Amino acid sequence: MTNLAHPAPQFSTGDAEKLSEQLFNVIGTATPLDGERDRNYRLNTGTDAGWILKVVNSSEPRVESEFQTAILSHLATHSPELTVPFLKKSLAGEYLASAVAPSGEIHAVRLVSWLHGTPLAEVERTFELMRSLGQSFGEIDRALQGFMHPGAVRDLDWDLRHAARSSSRLHFVKDPGRRAILERFIERFEKTVQPKLSRLRAQVIHNDGNDWNILVDSRNHQKVSGIIDFGDAVHTILIAEVAITCAYSILDTEDPIGAAAALTAGFHEKYPLQSEELDVLFNLIAMRLVTSVTLSASRSDRTQDNPYLGISEAPAWRLLERMDRMNPRLATAILRKACGFDAIEGAGAVRRWVAENSKSFADIVRPSAATMNKVIAPFGDASHVMTIASAEQRPAQATKWWNDFSAEHKVPLGIGPWGEERTIYTDTAFESRFIEGQRRILHVGVDLIMPAGTPLYTPVAGVVQSVEVEHEPLGYGGLIMLEHSPEGCPPFLTLWGHMAHEALARLKPGDRLEAGALVGYMGADTENGGWIPHVHFQMSTDTALKASEFIGVGERAYLEVWADIFPDASTLAGIPPETYSQDGRTKAEIVAKRKELLLPNLSISYSDPIKFVRGDGVWLIDNFGRAYLDCFNNVCHLGHSHPDVVQALSRQASRLNTNTRYLHDNIVEYAERLTATLPEGLAVASFGCSGSEANSLMLRMARNHTGRNDAIVLDWAYHGTTQELIDLSPYKYKRKAGKGRADHVFEAAVPDAYRGVDHWSFEELGKRFAESVADQIELMRKQGRSPAFFLAESIPSVAGQLFFPENYLKEVYAMVRAEGGLCLADEVQVGFGRVGSHWWAFETQGVVPDAVSMGKPIGNGHPMSAVVTTREIADSFNNGMEYFNTFAGSPVSCAVGLSVLDVIERDNLKFNALTVGNYLLDGFRKLQQRYDAIGDVRGLGLFLGIELVTDRKTKVPATELARKVADGARERGILIGTEGPHDNVLKMRPSMIFSQTNADFLLEVLDESFKAALR
Ligand SMILES: Cc1ncc(COP(=O)(O)O)c(C=O)c1O
């Protein structure tokens, strides 16, 4: 054991010069250097950088001198590029020579190269320099990995594994406040670090990265140029190297943890650290300081204030005091994040789980925040009246401003975003504990502003951790914390601030709340800390934090760290990301550009148009983050942006897309799968890109097959956008700018059972309506004509969601076929299982058409269509003229078509359409009992209509009411349409994944919209 009290070797400068010449053949001028125990001289040779002659204290065991020599020669051999001194061999070929002092004592002597540079102690410490310092030690320690020497096993008080020995020196620290700080760190070390020591990586380390042992490049102060003095090297835990170097280099820095993080990250770059090592780092940094100040105190007791020993005492105390005020978990999070780890173990997994499971969350407010009209509240604007009133604790004024705004703009929900900069937090509590002179200003919760008393429900099941009241003005008031442990997700906490105090009596720690259960109510200003009523909703991925340890606002410099620990809770609260940022043109700009650039015939839905930016299942999300329940668009059959379809499309598009003149598996596989859904006989498929193309092709086939031209269609039908289809669409040719019925078109009455002739019995309805077709055939006959085909939608849609009475198509098909005409079914709107009971709506009539056209839902939004017909018709169409359609039937379209069929089958969506459809019909009928204006409710599966009348007897169409109800639904977050010759039928065709919960929302909104419209 080295005797610290043993005097330093007695050698004069002349002795030193002689020694270096005799032992090492180095001739130079010696200048003495500072040293505590050894005698060191700088040797200036005038020819090279010079040397240091080190005459070791004779009390130092030889093995320790040999150990240091072995380290330097190991580093020189294994990593010669390292910035450490190299040893010069003596003339006798030894790294460690011997010298005899005038006193007769024998000393070990070695000569090491002089390294250029400025001591770190004399240089301004920047994060870049800290990083370089970390890199230097990382490189050295990586090179020392696996190095061992008998002298490395030493018992040093400076070995951080023994840091708890400081307890025995505590009594030297006279100030009780300071002693208490040390006690807290020692206790934490004993509790949280000591038990882990044996599992941490151990090796030989330098162990004394103080700022006199570190040299900085004199020309570039951002770069370390040398590490010297391996006198304290020891075999101990690797992370101690980082802790010790941090402890010295971050003294008196503005942002010590930031500086430590930069150093640690530099080390990690060169020698990757493990997360367990980072978890003990904060405490170890402190423990180095604890060791230092207690040793200092104990020695000054003995050596009467030797200034060399106490040199870093004051800054060490300042740092200890600062570190004592920091939350060690948050500080550790900063250090972890700097090295690329999650700030808290599992933070990334929680974020991923939240993102992937967002659809399963219960609404925290009702209706859900997603569907509500909402704006960003002005808390981020320091000059706003509401913000000023809040900061000045005049909550009544702040609340009045919000209430007036909310009523005027019909915005029931205000949002205070995560990450918003807020300068209203002026209390000393908001001073940063990490960065000197900075305030915490970035909001790391999400605020939902609604009236006091608004109930709040937990989005996922949880267990109550605490229910308390913070009484400070502008504090949280009622404060509830839940812990959630959903399957497949690390546990996390939610904090609910500014709540009503009633929760204190209702909830207690340990209570389990299922998803959707009541958590509490938004508190009034008298109980919420004196704020405008709102909830501060915050997540924490660190489950060890107490509610009082959450920070609701954080430092900007550490936003990434807070994002891990206190991730944006918006998704959990059901707030779509579009709420926070808008891109692209404003609605008004788009309207203006459309006017300027696009065909003016394009119409726009709603007087206040909607700009949608995202589709997600049954939801469409507008550019302000409002989600609308889409009950109108039957094209997104499986829901918007269905992942299977998107994947099938992108996978095939990234591999091959070409035309049908080359062979490809997809087209035959799709034709096989599609025809299998149809009755026998309908066996030959062909493809197009739109419903109109399919219908157009179907007409060509029928005309070619029959050699005739004339058509029978139903009144108010729509079949497509080309001129020949407009000619077959009374909905077009009879309305604005229509040219009227063409000669080759014969128009039968559309069977409207609701408006059927009163004296017709229910059983005979089909037959009686079919008479209109018979009349048209008769008319044709009179003109010497006969039908090429009868074309009808299997459920007339634009005519007002009309359902054929039983036997109708049977009667009609028989008549048409008797005349030699073909029967064509337009299933562009109603096909693909929408009716629930069958794949195809014509099947509900017990008929098999000669050809069927399909479109809209076929590709879930991808432009494709199909016609399926009989072998006989297909063969006759093969008359020599090629059918080539550039894009139709491409590998991509067929991949999309296949994935749509897969999902319908795999997810049993026909059954869903039927059950949810029946549930809705039931609900509509209940509404009908309450609202006389509902004349008729009809539907099958998810093809639904509600016809509105002013009087149930006279059945006068209630067109204006239908518009008001549809507009009211939009106002409340639901998209439906109006249809029929009088636009008095509410039309709904939601996607096949529509759930009972969606249905309940629709029923609720319809109810409210009727109520409001009839008021
Ligand atoms: C029944 C029916 N057939 C055909 C079409 C034409 O389809 P597309 O617009 O894809 O050309 C439509 C479109 O609304 C339709 O509703």
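## Close-up views of a predicted model

**View A. T253 sits in the loop between α5 (239-249) and α6 (256-270).** The model is predicted: local features need pLDDT of at least 70, side-chain atom pairs count only at pLDDT 80 or more, and totals for chains, interfaces and linings use all residues. Residues are numbered from 1 along each chain as its sequence is written, and side-chain values use heavy atoms, with hydrogens and water left out. Helices (H or I, at least four residues) and strands (E, at least two) are DSSP runs, numbered from the N terminus. T253 counts as buried because its relative accessible area is 11%; buried is under 20%, exposed is over 50%, and partly exposed falls in between (1.4 Å probe, protein chains only). A polar atom of the T253 side chain is 2.7 Å from the backbone oxygen of I250. That makes a polar contact, meaning a pair of N or O atoms within 3.5 Å; within protein, one must be able to donate a hydrogen and the other to accept it, and residues adjacent in sequence count only if both atoms are side-chain atoms. Skip the neighbours within four places in sequence, and T253 is in contact (heavy atoms within 4.5 Å) with R125, A259, R322 and E436.

**View B. S73 is part of helix α2 (residues 62-78).** Its relative accessibility is 19%, so S73 counts as buried. Here the side chain of S73 has a polar atom 3.2 Å from the backbone oxygen of A70. Not counting residues up to four places away in sequence, S73 touches L87 and Y95.

View C. Look for an N or O atom in the D826 side chain 2.8 Å from a ligand nitrogen. Polar side-chain atoms of Q829 and K856 each reach a ligand oxygen, at 2.9 Å for Q829 and 2.8 Å for K856. The protein covers 82% of the 390 Å² of accessible area that the ligand has on its own, with areas taken from the Shrake-Rupley method and a 1.4 Å probe; for residues, only the protein chains shown count as cover.

**View D. I565 belongs to the largest nonpolar core, which has 143 residues.** A core here is a set of buried Ala, Val, Leu, Ile, Met, Phe, Trp, Tyr and Cys residues joined through side-chain atoms within 4.5 Å. Along with I565, those with the most contacts inside the core are L320, F434, L448, W496 and W562. Helix α7 (residues 275-303) supplies the largest share, twelve residues. A second, separate core holds 94 residues, among them F804, V868, F924 and M992. Neighbours within four places in sequence aside, I565 is in contact with L330, A333, A343, I344, M539, S540, T541, D542 and L545. As background, nonpolar side chains tend to be buried together in soluble globular proteins.

View E. F1001 is buried because its relative accessible area is 14%. Beyond neighbours within four places in sequence, F1001 is in contact with P367, T371, W619, L629, R972, G973 and I974. One of these, P367, lies in the loop between α10 (347-356) and β12 (374-376). The peptide bond joining R366 and P367 is cis, with omega about -5°.

**View F. G897 sits in helix α24 (residues 891-906).** At 0% relative accessibility, G897 counts as buried. Its contacts, neighbours within four places in sequence left aside, are Y670, I858 and M864.

**View G. L474 and S641 each have a positive phi although neither is a glycine.** Most residues other than glycine have a negative phi, and most peptide bonds are trans. For L474, in the loop between β17 (462-470) and β18 (477-484), phi is about 60°. For S641, in the loop between β26 (627-630) and α16 (643-655), phi is about 50°. L474 is partly exposed at 23% relative accessibility, and S641 is partly exposed with a relative accessible area of 47%.
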